[in-house]
Amino acid sequence: LFGRLMFELPEEMGLIAIAVQQTQGKGRGGNVWLSPVGCALSTLHITIPLHSNLGQRIPFIQHLVSLAVVESVRSIPGYKDIDLRVKWPNDIYYSDLIKLGGVLVNSTLIETTFHILIGFGFNVNNSNPTICINDLITKFNKEEGTKLKALTADCLIARTVTVLERLIDIFQEKGPNGVLPRYYKYWVHSGKQVRLHSEEGPIAWIVGVDDYGFLQVHEEGKGVESVHPDGNSFDMLRNLIVPK
């Protein structure tokens, strides 16, 4: 559907497809993404000028979308302490424990315009097989004695797209430094120790992301270097950065 429509629409017009359920959801690296009823599932089409701050740093889009999903919940009054976080490069997590969602971005450059297809899905209302956003809200209410209401998938998709639009505007105006403080506020990696290349490889510490959205690690005696997500997989559970 998007392949037929996205090049025919005016550049200023957005396009979004929302699914109640997916039977052939796609994950990163050819993985299958399970998409039952109760998840927020959508694909968003946007255009980004090549000669713009974000157009020169297209990998950053997946980080902006992940941040937008987290802020769609945590920017609601009363919900700021719901422990929803971002995991580099494209996952949504409960604390640093359980994955609740993910982001997949595909881009096509036509002349001087990037056509971006952003797929994002996150678990709003399914307690099984792991945990969902409304479980986190229930847990928070029990622990804090609050009465926060459960959230709906359609509300959070709308809020995610709204927040993303603002984040893109900020990035276009100020570059990475305009959004990175917000990103680091919610990410799970600060100060985490990893090993490079193999389980016996040198120890390094995660320090942030660079101007292009790639992970930065500091290896003792060697300074800071960037790790590209398309050449490495980051397995947080094993604390490794390894070549694919």
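How many residues does helix α2 have, and how far does α2 reach from its first C-alpha to its last? In this predicted model, helix α2 covers residues 60-74, which makes 15 residues, and spans 21 Å, close to the 21 Å expected at 1.5 Å a residue. Helix α2 is also mostly covered, with 15 of its 15 residues buried.

Let's turn to the sheet. Six strands form an open sheet with antiparallel pairing, in the order β1-β2-β6-β5-β4-β3. Strands β1 and β3 stand at the edges with a single partner strand each, so one side of each has no neighbour in the sheet. On average, neighbouring strands are turned by 20° against each other, direction ignored.

At the β1 end, 5 bridges join β1 to β2, and the two strands run antiparallel. Here Leu 15 stands opposite His 45 in β2. Helix α4 (residues 153-174) packs on the sheet, where α4 touches β1, β2 and β6. The direction of α4 makes about 25° with that of β2.

Here are some of the elements with their residue ranges:

| Element | Residues |
|---|---|
| Strand β1 | residues 15-19 |
| Strand β2 | residues 39-49 |
| Strand β3 | residues 84-87 |
| Strand β6 | residues 113-123 |

Finally, a look at a loop: is Asn 128 buried or exposed? Asn 128 lies in the loop between β6 and α3 (133-144). Its relative accessibility is 63%, and because exposed means over 50%, Asn 128 counts as exposed. Asn 128 and Ser 35 are 93 residues apart in sequence, yet their C-alpha atoms are 12 Å apart in space.

Conventions: Residues are numbered from 1 along each chain as its sequence is written. This is a predicted model: local features need pLDDT of at least 70, side-chain atom pairs count only at pLDDT 80 or more; totals for chains, interfaces and linings use all residues. Side-chain values use heavy atoms; hydrogens and water are left out. Helices (H or I, at least four residues) and strands (E, at least two) are DSSP runs, numbered from the N terminus. The expected span of a helix is 1.5 Å times one less than its number of residues. Buried means under 20% relative accessible area, exposed over 50%, partly exposed in between (1.4 Å probe, protein chains only). Two strands pair if DSSP finds at least two bridges between them. Axes are lines fitted to C-alpha atoms, for helices over the stretch in contact, and angles run from 0 to 180 degrees between N-to-C directions. Contact means heavy atoms within 4.5 Å.
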